[in-house]
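This briefing is for a reader who wants the contacts of one protein model set out by topic. Please keep the sequence and the structure open while reading.

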Amino acid sequence: MSNTEKIYKTQGIILRHYPLGETDYILSLFTPNRGKVRAIVKGARKLKSRIGGHVEPVMLTSFLLTKGHNLDLINQAECIDSFRIIREDLTKLSKALYILDLVDAITNESQSNNDIYLLLLDTLKDLANDRNDNLIPYFQIKLLGSSGFMPELYQCVNCGKEIVMNAHRFCPDRGGVICDSCNPFNVRISTLSLTSLKVLRFFQRSDYNQVSALNIDGDTNKELQDLLYALLFSTIGKELKSYRFINDVAAETVNSLNGVYMERL
């Protein structure tokens, strides 16, 4: 591979960064054509670093990188959109960190998925523009679909029979709805209200403009978020601290969150 082939330019949404040594970061960023990329940015943690202000989580940044054996190297970075409105609002920021964590956890490196990139970018823009509480459950189900894990909402995931309304539950370990006749061992089974099932089906087939016009009560919205998180947890195989954080912020327990917030960024 020539030096020219090793150098590439891309936009990317910064999912998170990790300290490396005394002055560097490792970035995890999601790009339109290369999927998730992990790269080193040198000197970004120095007080007078010019590049440090362009490589914070949530930002959409233009990068010039050199391909490496294990990690790529960031040569240049210029912020395109800092999503300042999100970063200065704790409630918005908690939601943004959660969706970034989900993307980071469910995707593999160097696997292009432009659908996920566009979903993530559009969701951040909607979050910045004060779109309603339907945004998070909508993002969750669309991310599952774009990752190949769309939940089954019409047939029992255990026996395959068509689901009868009000005779159904939800099985995150099997990836969807389960009928009342089935009781498989060693799997989690949760209640699923008829309203939530109808909303999930609507989310599955709709775009966000349609979803944003839907008036969903707070209890249903919370049920949707929890059910979809359980499904995502089953898919990615680990808990996300950012999900606890988003719930803490929603419950207005802000006093103890400053340390968590600074640690995450």
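The model is predicted. Helix 6 (residues 194-205) and helix 8 (residues 218-236) have axes that come within 10 Å of each other. The count of salt bridges comes to eight, and those described here include Asp101 with Arg16, Asp72 with Lys67 and Arg188 with Asp173.

**Helix 6 against helix 8**

- The two axes cross at roughly 65°.
- Angles of 65 to 115 degrees count as roughly perpendicular, and helix 6 and helix 8 are therefore roughly perpendicular to each other.
- The crossing in which helix 6 passes helix 8 is right-handed.
- On the side of helix 6, the contact is made by Thr195, Ser196, Val199, Leu200 and Phe203.
- Helix 8 contributes Thr220, Glu223, Leu224 and Leu228 to the contact.
- Five of the residues in this contact are nonpolar, three are polar and one is charged.

**Salt bridge Asp101 to Arg16**

- The side chains of Asp101 and Arg16 meet in a salt bridge, at 3.1 Å from N to O.
- Asp101 belongs to helix 3 (residues 90-106), while Arg16 belongs to strand 1 (residues 7-20).
- The two residues are 85 residues apart, and the pair links distant parts of the chain.
- Asp101 has a relative accessible area of 7% and is buried, because buried means under 20%.

**Salt bridge Asp72 to Lys67**

- Asp72 and Lys67 form a salt bridge in which the closest N and O atoms are 4.0 Å apart.
- The cut-off for a salt bridge is within 4 Å.
- Asp72 counts as buried, at 5% relative accessibility.
- Lys67, in contrast, is partly exposed, with a relative accessible area of 32%.

**Salt bridge Arg188 to Asp173**

- In the salt bridge of Arg188 with Asp173, the closest N and O atoms are 2.8 Å apart.
- Arg188 lies in the loop between strand 7 (176-179) and helix 6.
- Asp173 lies in the loop between strand 6 (168-171) and strand 7, so the pair with Arg188 ties together parts that are 15 residues apart in sequence.
- Arg188 counts as partly exposed, at 32% relative accessibility.
- Asp173 is also partly exposed, with a relative accessible area of 31%.

Note on methods:
Residues are numbered from 1 along each chain as its sequence is written. This is a predicted model: local features need pLDDT of at least 70, side-chain atom pairs count only at pLDDT 80 or more; totals for chains, interfaces and linings use all residues. Side-chain values use heavy atoms; hydrogens and water are left out. Axes are lines fitted to C-alpha atoms, for helices over the stretch in contact, and angles run from 0 to 180 degrees between N-to-C directions. Helices (H or I, at least four residues) and strands (E, at least two) are DSSP runs, numbered from the N terminus. Angles under 35 degrees count as roughly parallel, over 145 as roughly antiparallel, 65 to 115 as roughly perpendicular and the rest as oblique. A crossing is left-handed if the near helix is turned anticlockwise from the far one by less than a right angle, and right-handed if clockwise. Contact means heavy atoms within 4.5 Å. Ala, Val, Leu, Ile, Met, Phe, Trp, Tyr, Cys and Pro count as nonpolar, Asp, Glu, Lys and Arg as charged, and the others, Gly among them, as polar. Buried means under 20% relative accessible area, exposed over 50%, partly exposed in between (1.4 Å probe, protein chains only).
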